[in-house]
Amino acid sequence: MHEMSITQHILDWALAEASRQHAVKIHTIHLVLGPFSGIVPECIQMYMDLMAEGTIAEGVQIQSRTLPLKVLCRDCGKKSQITRRHIACPYCQSLRLKILSGNECLIDSLEVDTDEDQSPSSDHGME
């Protein structure tokens, strides 16, 4: 159930940032997740659908991308990227790895409409 509190934090941040940018509608929230973040984007979307009702984020879509898992091998000292399916050092096959990244949950960007996007274009010049 930790996705509920994370979703609330994401929504609060997105609404505050949208307000600073004078946005009138939030269409998409882009997240960056580490493979061991424990965040399930589908759960975030489900909670967001409920929590965003009645706000400028109503109907917002959650998009996410997963960062690579970066490690430092304690045996050969090399940094590398591994996958959850192959957890050994790609250089020496050691399993003695220090995780350098993989738990991230970051808001990367928002797609919004601003006041200018909503107003009809018109020529305010004088004739």
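Two strands count as paired if DSSP finds at least two bridges between them. Helices (H or I, at least four residues) and strands (E, at least two) are DSSP runs numbered from the N terminus.

The model is predicted: local features need pLDDT of at least 70 and side-chain atom pairs count only at pLDDT 80 or more, whereas totals for chains, interfaces and linings use all residues. Residues are numbered from 1 along each chain as its sequence is written, and side-chain values use heavy atoms, with hydrogens and water left out.

**View 1. The open sheet contains 3 strands in the order S4-S3-S5.** The pairing in this sheet is antiparallel. Strand S4 (79-82) and strand S5 (97-101) lie at the edges with a single partner strand each, so one side of each has no neighbour in the sheet. From one strand to the next, the twist averages 40° (axes are lines fitted to C-alpha atoms, for helices over the stretch in contact, and angles run from 0 to 180 degrees between N-to-C directions).

**View 2. Strand S3 (residues 69-73) pairs with S4 over 4 bridges.** The sense of this pairing is antiparallel. Leu72 has Lys79 in S4 as its bridge partner.

**View 3. Helix H1 covers residues 2-20.** At 1.5 Å a residue, its 19 residues should span 27 Å, and the end C-alpha atoms are 27 Å apart, which agrees; the expected span is 1.5 Å times one less than the number of residues. Just after H1, His22 adopts a positive phi of about 60°.

**View 4. Helix H1 has buried residues and, on its other side, exposed ones.** Glu3, Thr7, Ile10, Leu11, Ala14, Glu17 and Ala18 are the buried residues of H1 (buried means under 20% relative accessible area, exposed over 50%, partly exposed in between, with a 1.4 Å probe and protein chains only). Seen down the helix axis, the buried residues fall within an arc of 135°, so they line one face of H1; the arc is that of the directions from the helix axis to the C-beta atoms. His9, Ser19 and Arg20 are exposed on the other side. The cover over the buried residues of H1 includes strand S1 (23-33), helix H2 (41-51) and strand S6 (105-114).

**View 5. The protein chain comprises 3 helices and 6 strands.** Along the sequence, the pattern is α-β-α-β-β-β-β-β-α. The C-alpha atoms fill a box of roughly 75 × 40 × 20 Å along the principal axes. Buried residues make up 30% of the 127 residues.

Technical notes: Contact = heavy atoms within 4.5 Å.
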